[in-house]
Amino acid sequence: GATEAPITTAATSSTMATTKAPITSETAHGQPCPSAYDPFKTNYIAGEQITIKCFIFQCRDVEHEMYCNAAAWDDNLLAQDDRAKEMWMDAWDRLSACVPTQGELMEEEAANASDAWDCLA
């Protein structure tokens, strides 16, 4: 009976290692980042995803589209909607962290777009 015990323990620990592996690799690699947020772009649509500082953000919904396209706060927006400031601040929904792709890293070096990618510093 004593010779069987180590085999059982070995089987259990390898099973545990197998269950942990996907979680670890998922966290380590993360999902690739969508394109960096472009403050000059004015046609973002609901559900569109962008990257800011290696986090994925998504334009909330049709009601927020106008605000997804306003890079900076403008008091004139209050003339259209009393809740404009709140809407503008809530326009982008933070989803999760992401990992820049090789192409995005090259794009960053070319454009020096450190605002969007400064998670790499």
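In which sense do strand 3 and strand 4 pair, and over how many bridges? Please also walk me through the salt bridges around there.

Analyst: Happy to, but a quick note before we start. This is a predicted model, where local features need pLDDT of at least 70, side-chain atom pairs count only at pLDDT 80 or more, and totals for chains, interfaces and linings use all residues. Residues are numbered from 1 along each chain as its sequence is written, and side-chain values use heavy atoms, with hydrogens and water left out.

Now your strands. Strand 3 and strand 4 pair in the antiparallel sense, over 5 bridges. Strands here are DSSP runs of E with at least two residues, while helices are runs of H or I with at least four residues, and both are numbered from the N terminus. Two strands count as paired if DSSP finds at least two bridges between them. Within this pairing, Q58 sits opposite D93 of strand 4.

Strand 3 also has strand 2 (residues 49-52) as an antiparallel partner, joined to it by 4 bridges. There, T51 has I56 of strand 3 as its bridge partner. Strand 2 and strand 3 form a hairpin with 2 residues between the strands, and K53 in that hairpin takes a positive phi near 50 degrees.

On to the salt bridges, meaning a side-chain nitrogen of Lys or Arg within 4 Å of a carboxyl oxygen of Asp or Glu. The structure holds 4 of them. One links the side chains of R60 and D93, at 3.4 Å from N to O. R60 lies in the loop between strand 3 (55-59) and helix 2 (65-68), and D93 in strand 4 (residues 92-99), so this pair ties together parts that are 33 residues apart in sequence. How open are these two? R60 has a relative accessible area of 36%, so it is partly exposed, and D93, at 29%, is partly exposed too. (Buried means under 20%, exposed over 50%, and partly exposed in between, using a 1.4 Å probe and protein chains only.)

The side chains of R83 and E63 meet in a salt bridge of 3.0 Å, N to O. R83 lies in the loop between helix 3 (77-80) and helix 4 (84-90), and E63 in the loop between strand 3 and helix 2, so the pair ties together parts 20 residues apart in sequence. Salt bridges with shared partners also join E63, D81 and R83 into one network.
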